[in-house]
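These notebook entries record what I looked up, residue by residue.

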Amino acid sequence: MRDPVRSPEGAGAPGAEHRRREPEGRDPHYNFAYLDEATKRMIRRAILKAIAIPGHQIPFGAREMPLPYGWGTGGIQVTASILGPSDVLKVIDQGADDTTNAVSIRRFFARTAGVATTTRTAEATVIQTRHRIPERPLREDQILVFQVPMPEPLFRLEPRLAETRRLHALADYSLAQVKLYEDIAQQGESASSYNHPVLVNGRYLMSPSPIPGFDNPKLDRNPALLLFGAGREKKIYAVPPYTPVKSLDFDDHPFAPMRAPHPCALCGSTTHYLDEIVTDDRGGRMFVCSDTDACAEAAGRAGAAR
Amino acid sequence: MYVAVKGGEAAIEAAHAWLAAARRGDPSVPELGLAQIEQQLALAVDRVMAEGSCHDRGLAALAIKQARGDLIEAAFLLRAYRTTLPRFTPAEPLDTGRMRVLRRISATYKDLPGGQVLGPTFDYTHRLLDFALAAEGAPPPPPAPEAESGVGPMPRVSEILAAEGLMRREPAGEEAPPPDLTREPLRFPAPRPLRLQALARGDEGFLLGLGYSTQRGYGNAHPFVAELRLGEVEVVLCPPELGFPISIGEVTVTECQMVNQFAGAGEAPPQFTRGYGLALGHSERKAMAMALVDRALMARELGEEVLAPAQDEEFVLLHADNVEATGFVEHLKLPHHVDFQSELEKLRSIRARVEAERAAPRAEAAE
């Protein structure tokens, strides 16, 4: 039966075509992965610096890309700089491989770098993501590249970059703590549901990018290298493997990740993050996994068990 | 059907095909040529070159055609192309004093050496729709009359004031290569060359509004147009391999120098200060707005109080770039359902808590 909520190029039924190399290969009109080598070297230096100071934002000379700002230009530049010809690339947006922007970015690298692409988390060496961390635990030989709209975790509290730079230097995060205190005092819990700030290695407050709070615990001591690229804001930051990452909270009000209290309608998972899909105009709802690959895997397991 | 929202490759292909057809429009109407755009929509080409930070009329015309006349989209196309080009070396400073002038006016003097040259301006036209233009195929207009003597040397008005000691001298530029906004991220506080670069590629409408606000009391400006000039200037390079300067061609630029009174502070006596605007092509509105905003942004260096939006360099410089701004505003069209889902769950949780609290006292009262 045709899956009602997945388009054909998503991670579909087990055994479907999930990995491919563009038949036409790399576009010879552009350098490998689009950027010139000097630019990639500059970005790799920023990445190394970022890894050396976990959670600290490194300014870099972000280039104008052929995709618009806000579409993932920071993530694309980071991916372009770390990609090698033997890498296997996975691109997700909202957890899914088949969302329009994920398709577009995957095609961009298939065309300009000619690398193999996949929808399977387990097969990928580099995963570029917008707004999610895959459900399947990552490994040491994998790199997760986040697209970041606003790298500054304090920007809603202090918009001036010269001032936030000073606050980071002093590790003065009282603004964020007072905000959290006020939320709890006024409504009993933190008001932030996504992009909840985290403290990296006990030192720098960091925006985890707009991932749901559900994904925040996955940042902590993750075996994979986590790289964050913000193109418009021209910043790169990183969480090296196994780095402690703690969501901002209070001892008596510990951080509480949230998830819709339902099983997935497709695979039955009770642990994956869910998308809520409106099925009619009479209040009908259906909940399905946001991570299309994890959903297909779980559905395969459930099918095999039956 | 939800599949349509998730899009996928087939949907993208179809959308691109539709876009191509919409771009061409009714095929019975003749296709627009790049030469037509470049010649007859010349000011659109100029704006795209200025905001696209790339002086190439042909490419700007192509970008306008490809963008269906959306000038911000066209500037974006030009920038995305520009980023792939190698960068050789900074040019020598343009000598606009030696400009081949097409237009030059000063609002501060009735007459001045070199005279007032109106040039091709809308300024004194009556804005009445010319229905004769709607009838195509008219013969080209006769050539405009030319001055008999040509124009003599045109000293800069700012120099006339500076010679009298009334104009604040600009601090000498540093010998180091100028900063390059396209290679290095903006840093704050931003030195003036960096600010001017950001303003030069900034959105005309944004700078116009900010410049206007300084005239209406948000920034305490009392500006005069000391000089506005439009013309061709030589671009001179000094390639390291040669070691001497060579001319590589001419570009058309619009330059505006605004004069502003300054009360003086500390050692500095009361004097005039200048705001500077320079734009590729014929872009007077842009050059003037830029000059107003440049002067407002000098508040910090001159020890003036920073009170108005136009004086706030982070606010101005980080929001003036229309390619950045349009990207971030329009990215809201991308799916955000994962974040929205967490907002839904959060709101439900908070509401459940509030409702439980509201219900509790009532239960107590009932006891």
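Where is the place of A:Q94 in chain A? I found A:Q94 in the loop between β3 (88–93) and α3 (100–112) of chain A; helices (H or I, at least four residues) and strands (E, at least two) are DSSP runs, numbered from the N terminus.

I noted that this is a predicted model, in which local features need pLDDT of at least 70 and side-chain atom pairs count only at pLDDT 80 or more, while totals for chains, interfaces and linings use all residues. Residues are numbered from 1 along each chain as its sequence is written, chains are lettered from A and ligands numbered from 1 in the order in which they are written, and side-chain values use heavy atoms, with hydrogens and water left out.

Entry on backbone angles. I recorded a positive phi of about 60° for A:Q94, although A:Q94 is not a glycine. A:Q94 counts as buried because its relative accessibility is 0%; buried means under 20% relative accessible area, exposed over 50%, partly exposed in between (1.4 Å probe, protein chains only). B:R68, not a glycine either, has a positive phi of about 60°, and I located B:R68 in the loop between α5 (57–66) and α6 (71–82) of chain B.

Entry on a peptide bond. I saw that B:F188 and B:P189 are joined by a cis peptide bond, with omega about -5°. B:P189 belongs to the loop between α7 (157–163) and α8 (192–200) of chain B.

Entry on A:D249. I placed A:D249 in the loop between β11 (245–247) and β12 (274–278) of chain A. A:D249 is buried, because its relative accessible area is 18%.
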